[in-house]
Amino acid sequence: MSDSNEDKSLENDTFEKENYMDSKKKEEVLDLFPGRVKEIAAGEGCKVLVCDNKVKLAVSALSDEILHFRFAPDGHLGDGFSYAAMPENFPDRGAPEMTEDEEFVHFSTNSLQVKISLQGLLLTISDSEGNVMSEDEKGFHWEGNRAFGGNIVQYSRRIQPREHFYGLGDKSCHPEIRGRRFELWGSDTYAYGSETDPLYKNIPFFIGIHHGQAYGIFFDNTHRSFFDFGKERKETSSFWAQGGLMDFYYIHGPTVRDVVRRFAQLTGVPELPPLWSLGFHQCKWSYKTEKEFTDLAQGFLDNRIPCDALYVDIDYMDGYRCFTWNLESFPKPGEMIRKLEAKGFKTVAIIDPGIKVDPGYFVYDEGVAGDHFCRQMDGDIYTGKVWPGDCHFPDFTKPSVRIWWSGLFEGLIAEDGIAGIWNDMNEPADFNEDKTFPRHIRHDYDGHPCSHRRAHNIYGTQMIRATREGIAKFNDGKRPFAITRSAYAGAWRYASAWTGDNISTWEHLRMANIQCQRLNLSGYSFVGSDIGGFLDKTNGELFTRWVQLGIFHPFCRVHSSGEHGSQEPWSFGEPYTSIMRKFIELRYRLLPYIYTSFYQHIQTGDPILRPLIYLDHEDTETFHRADEFTLGDNLVVCPITEAGSEGRWMYLTKGHYYNYWNDELVAGGEEIFCQAKLDQIPFFVRAGALLPLDPVRQYSWEKVEGPQEHHLYLPTEECGAVQSQIYADAGDHYDYQKGDFAQATYTVRRTAADQVEVQVTREGTHPLPPTRIHLHGTNGKPKSVTVDGVPVAAEQIVEAPADYRKIEIAL
Ligand code: MIG
C-alpha cells in the first residue's frame, strides 16, 4: 500500500490506527466493548438493545434480506441521517419481533435468522436454513482514543472457510481482496498505481462469498474508514472508522446479483442520462483556444469519426475563476458552442470547488456575502490553495449553499449552451502537504454541524449533487449530464464518474478494466477511465487497444494531460485511425443496446458491466478472473492488455456464445484461446440473444435513414428460452415518463432441433425504426422464415416490420 496519506502533521491530527498501534504503548490503546443487555426498548422503526455500560444497538429490518444495525458506544444514536441510504425505498421496513433466552436475543425474517449475545452484542446472521453467513469475532468495539479525541468505532467478524471478498468501489488492485487492507479517504492520487490506496472515491460496500452464497455489508459512515480482509489477522475481517456510529447494513444474497440489486435498492440508481452522454467523448487538458477547439471538432468530421461531446478543461476560465471565460482565448463562447452543437457536438465544461479569493469576482463576492464558504473552528473562512491560488471552498453539505451553487450555472448552461458539467478536485483536493482541508474545518452536514473528519468523504458527492441541480435548473427540461471524480456511495444518483489521473501504460489499461468492473459491482455503473491514459505518452497500439475496451464502458471518454502532444483518434496515423474509427462506430452501432442496458440498470439494479463472479459465483473459476466481463445481458468482452498480442486465453462462463467477428459458436465453462489481431477484441454474443445494431451515425442524435438491424444469434437446444430487451425513447427530456418510450422483450427458443421461434412482447408508444433481421448460426440458408405468420424469402437477412411480434425459422 502507498504511504502517501500517512500521518504527517500533528496539527491535522490525521490519526491512522496502524501507525498509532506501532508507535504507542499497547496499554494506551483501549479496546472497549459493549456490556450486557439490560433492556430491549422500542425505537422509531427499530428495536434498541440497551447495555449496562450505555452502549446501544438499534436494529431494524428494511426487508427480509436487508438488516440495519447501528451501534452507539456512548448511547447517542442520533437521528439516523444518511446521505446515501434510502430507507424510504422499503415501505415494509420496521422493528423485528425479538425473543430472549439466557444468553441471546433472537429474531428472524423470512430469509434470515439473527442471534445477538446478551453479553457483548455479538451477532450471528444465518440464512433461513441455519447456514451461518456472518459471524462476529470481537464484533462491535471501539477505542476512546485520547490522542485522536474521539471514538474509533470498530467491527470484527470471523472469515468463513474459503471466503472471498469483492467490492469497495474504486480500487485498482486485483478484484479479489482477501488478505488486503484498504482505506477510504478521498484523495487526489495523480499518477496512482495498482497498489495505491486510498484513491478518489469512497464506497464502503463489499461482498463476501462462502459456501456458495453471497452477502454484502454497507458500512454507512463518512469518516475516514478502513477495511481489513484478513491482512492483520488471517481469519478475521474488520472494518472501522475514525468517528461516528458503527452503522452498517447486512445485505443478503444468496447470489451476487441479489446482493448488488439490493444494494441498489438501498442506495439508489441514476435517472436515464441523455443519449448523447453515452456517445464518444473527447477531452484534453486543455484545448486552449476557440481555434484549437473548433479544429478538434473539424478533425472528427474530416476523419469521419463519430463523436458527441468535446470538453473544455480549466484553461477556458479567466485565471481559473469558475463560471468565467477567458475571453481572449474564447471570445464568443456562446456562439462557438451553438455552432458546434449545430454540427452535432455538445460541449462539457469543467468546474472545480475552489473559488478564487478575489474581491470583485462575483462568485467570491456572493459566496462571502451569502456565507457559503467553509469556515475554520474559530469562524474565519478557510483559505486553501488550488489552481487559482488562494481559494475559499463552498460548504456543499449545506442546503442553502447547494441552492446558491446551482443558480451559478445559469451563465454556462442557459446563456452559453454548455451541455454538461465536469466536477474535478472535489475529494476535496488542496495543494498543501496533507492534500486536503485541515480536519477542523466546519461543515453543516445538512443540519448536523461537524468537522471535516465527518464531511470529507461526502464532500464531492454533495458538490456534484448541487452541480446536477444547477444543470437541471437551466436545461430546458432536458436531462442533466454531470461527471465527478470523487464520490461516496449514492453519488451514482447524480452523475457519472471517471477514474482519475491514470497513466498511458498497459498496466493502466488492465487497471481501467478492473476499476470499472469493481465500481459497477459496487453500485456505480456509469463510469469510465481516461482512455489512452492521462499521463505520459500513449502510442498507437496501446491507444487502439484502450479504445477497443473503452467503447464497452458506460462512460466513454478519451482524456490526456496534454503534455505529450495530441491524443485524438487520428493522432497516430494508419492503421490506428481506421481501427479506432471502426470501434467508435461500433459504439454507435451498439447504442440501442447500451442504452437498454442502462435502462435495465435503473429498473433492476443490475450493473451495466458484470464481472464473471457476478455471473456465476458457484463456478470457482470465476473467483480470480479479472479481465472478462459482460456488458448488459448478452455481450462478453475481454480486452487485449499486452503489446504485440494477437489473441489471448480467456474464460467464458457456462453457456454458449458466438464470436462476434466470425460467428463461431463456442461453449463456455472452459478457457479458450481467442484470436484478436489489432483490429479485433475478444467479443462474444450470448447464443439466443437478439442484438440491436443501429446504423452508424456521426453523433447519437443525428437523424439517419436505414433500418435498425436485429442480429439474432440462434440458440442451441441447451440454451432454453433466452430473453433480450430493447428500450428506446426520444433520448432526452422526460416524455418517456409519460409513455413516450418503446420497450420490447424478445424470447428466443429452439422449439425443436430444426425450429427456432422468437416471440416479442411490446410496451409503450414511441415510434420504432424499421427493422431488418440478420440470422446468425443457421449453418447455411434456413428452410423457411415467417414473420408474424407471413412467409418471407428464406435468407440470412430478412425484412420485418418495425413492430413485429413473432418470427419462426425452420432450419
Ligand atoms: O490537478 O483540470 O483529474 O482530468 O484534466 C490536475 C486539470 C487537475 C485533474 C483531473 C484531470 C484534469 C486536471 N485536473
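**A chain that folds back on itself**

Among contacts in the chain between residues at least 6 apart in sequence, what share joins residues at least 24 apart? The share is 68%, where contact means heavy atoms within 4.5 Å.

**About the model**

This is a predicted model, in which local features need pLDDT of at least 70, side-chain atom pairs count only at pLDDT 80 or more, and totals for chains, interfaces and linings use all residues. Residues are numbered from 1 along each chain as its sequence is written, and side-chain values use heavy atoms, with hydrogens and water left out.

**Overall form**

Let's start with the whole chain. A compact globule of 811 residues would have a radius of gyration near 28 Å, and the chain agrees because its value is 27 Å. That radius is taken over C-alpha atoms, and the globule rule is 2.2 Å times the number of residues to the power 0.38.

Buried residues make up 64% of the chain; buried means under 20% relative accessible area with a 1.4 Å probe, counting protein chains only. You can look for 13 helices and 51 strands, which are DSSP runs (helices H or I, at least four residues; strands E, at least two).

Now zoom in on β25, residues 420–423. Gly-420 and Trp-422 point one way, Ile-421 and Asn-423 point the other way, and all are buried. In a regular strand the side chains alternate between the two faces of the sheet.

Strands pair if DSSP finds at least two bridges between them. Strand β21 (residues 346–351) runs parallel to β25, joined by four bridges, and Val-348 stands opposite Gly-420. Strand β28 (residues 482–484) also pairs with β25 in the parallel sense, over three bridges, with Ile-483 as the bridge partner of Trp-422.

Notes:
Buried means under 20% relative accessible area, exposed over 50%, partly exposed in between (1.4 Å probe, protein chains only).
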